[in-house]
Amino acid sequence: MTPLPTGEALAALLAMPGGPDDAADHLADMPFVLCELGAHTEETEHAAHLWTAEEQPPPGLWFLWTGSDGGLRVHHRFTVLTMCPARLHDLRKDSRQWCGLFEDHPGPHSFDVRDPLRELLHERVRREARRRAAEEGPDPDDEDRETP
């Protein structure tokens, strides 16, 4: 995990063809980013995905960085890379999952990467959402809907 240099990220998003209309709002929830690659060597740059444009082939804006032994960021850059074309087909569920990394990325595809820290953070968000929903009570408009 590393702090995202927000000013540079905003400039990169605004300069990117197909970037978001609300670039500042998009970055508001990203004070820090996590490396999305699986386990990799010290020579490999860490990578965090910031945006994918709706073009073909889809270009993505990536924040790449290297760190020191003490965990401090030494070098960083923003770059637009084509997204990885790999996909995983689940015939039983009749679904497809695209790799969320860039083309020719090191290591396994994103659907094969497990990140315990990211899973922990997502579980905290889900717990907080359930807690808030319970505090607010049922929505009267949802009374006729079935719950799974």
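**Exercise 1.** Which strands does helix α1 (residues 6-15) lie across, and at about what angle does α1 run to β5?

*Solution.* The model is predicted, so that local features need pLDDT of at least 70 and side-chain atom pairs count only at pLDDT 80 or more, while totals for chains, interfaces and linings use all residues. Residues are numbered from 1 along each chain as its sequence is written, and side-chain values use heavy atoms, with hydrogens and water left out. Begin with the elements, which are DSSP runs numbered from the N terminus (helices H or I, at least four residues; strands E, at least two). Helix α1 lies across β3, β4 and β5 and runs at about 15° to β5, where axes are lines fitted to C-alpha atoms, for helices over the stretch in contact (heavy atoms within 4.5 Å), and angles run from 0 to 180 degrees between N-to-C directions.

**Exercise 2.** Describe the sheet formed by β3, β4 and β5.

*Solution.* The three strands form an open, antiparallel sheet in the order β3-β4-β5, pairing being assigned if DSSP finds at least two bridges between two strands. Its edge strands, β3 (46-52) and β5 (73-82), each pair on one side only, and the twist averages 20° from one strand to the next.
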